[in-house]
Amino acid sequence: MNQISELDLQNLRHLIGGFETTHCKMQAYAQQTQDTEVKQFFQKAAQSAMTGKQQLMQFLQ
């Protein structure tokens, strides 16, 4: 595996943290709504954020 720079590592940490925050918020919003379409929207957004996080985590392996 190629070495990543300190700056790249910091950027990855920042992006991963952002995806994690987004995931948690979208899940919370989905749990709070009664509207099924809105709930699905937030659930899809939460899943998308988790997928993004997992893809970025691959760079750290």
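The model is predicted: local features need pLDDT of at least 70, side-chain atom pairs count only at pLDDT 80 or more, and totals for chains, interfaces and linings use all residues. Residues are numbered from 1 along each chain as its sequence is written, and side-chain values use heavy atoms, with hydrogens and water left out.

**Exercise 1. The contact**

Task: Describe the residues where helix 1 meets helix 2.

Solution: 
- Step 1. Contact means heavy atoms within 4.5 Å.
- Step 2. Pick out residues. Helix 1 contributes, among them, Leu-12, Ile-16, Phe-19 and Ala-30. Helix 2 contributes residues including Phe-42, Ala-45, Ala-49 and Lys-53.
- Step 3. Sort by type. The contact of helix 1 with helix 2 has 14 nonpolar, six polar and three charged residues. Ala, Val, Leu, Ile, Met, Phe, Trp, Tyr, Cys and Pro count as nonpolar, Asp, Glu, Lys and Arg as charged, and the others, Gly among them, as polar.

**Exercise 2. Three residues up close**

Task: Describe the surroundings of Lys-53, Ala-30 and Thr-33.

Solution: 
- Step 1. Lys-53 sits in helix 2. Not counting residues up to four places away in sequence, Lys-53 touches Ile-16, Phe-19 and Glu-20. Lys-53 and Gly-18 are 35 residues apart in sequence, yet their C-alpha atoms are 8.5 Å apart.
- Step 2. Ala-30 belongs to helix 1. Ala-30 is buried, at 4% relative accessibility (buried is under 20% relative accessible area, exposed over 50%, partly exposed in between, with a 1.4 Å probe and protein chains only). Leaving aside neighbours within four places in sequence, Ala-30 contacts Lys-39, Phe-42 and Gln-43.
- Step 3. Thr-33 lies in the loop between helix 1 and helix 2. Thr-33 is buried too, at 16%. With neighbours within four places in sequence set aside, Thr-33 contacts Val-38 and Lys-39.

**Exercise 3. Aromatic rings**

Task: Classify the ring pair of Phe-41 and Phe-42.

Solution: 
- Step 1. Count pairs. There are two aromatic pairs in the structure.
- Step 2. Read the geometry. The ring centres of Phe-41 and Phe-42 are 5.4 Å apart and the planes stand at 70°, so this pair is edge-to-face. Rings of Phe, Tyr and Trp (its six-membered ring) pair if their centres lie within 6.5 Å; planes under 30 degrees apart are stacked, over 60 edge-to-face, the rest tilted.
- Step 3. Check exposure. Phe-41 is exposed at 55%, whereas Phe-42 is buried at 17%.
- Step 4. Widen the view. Tyr-29, Phe-41 and Phe-42 form one aromatic cluster.

Terms used: Helices (H or I, at least four residues) and strands (E, at least two) are DSSP runs, numbered from the N terminus.
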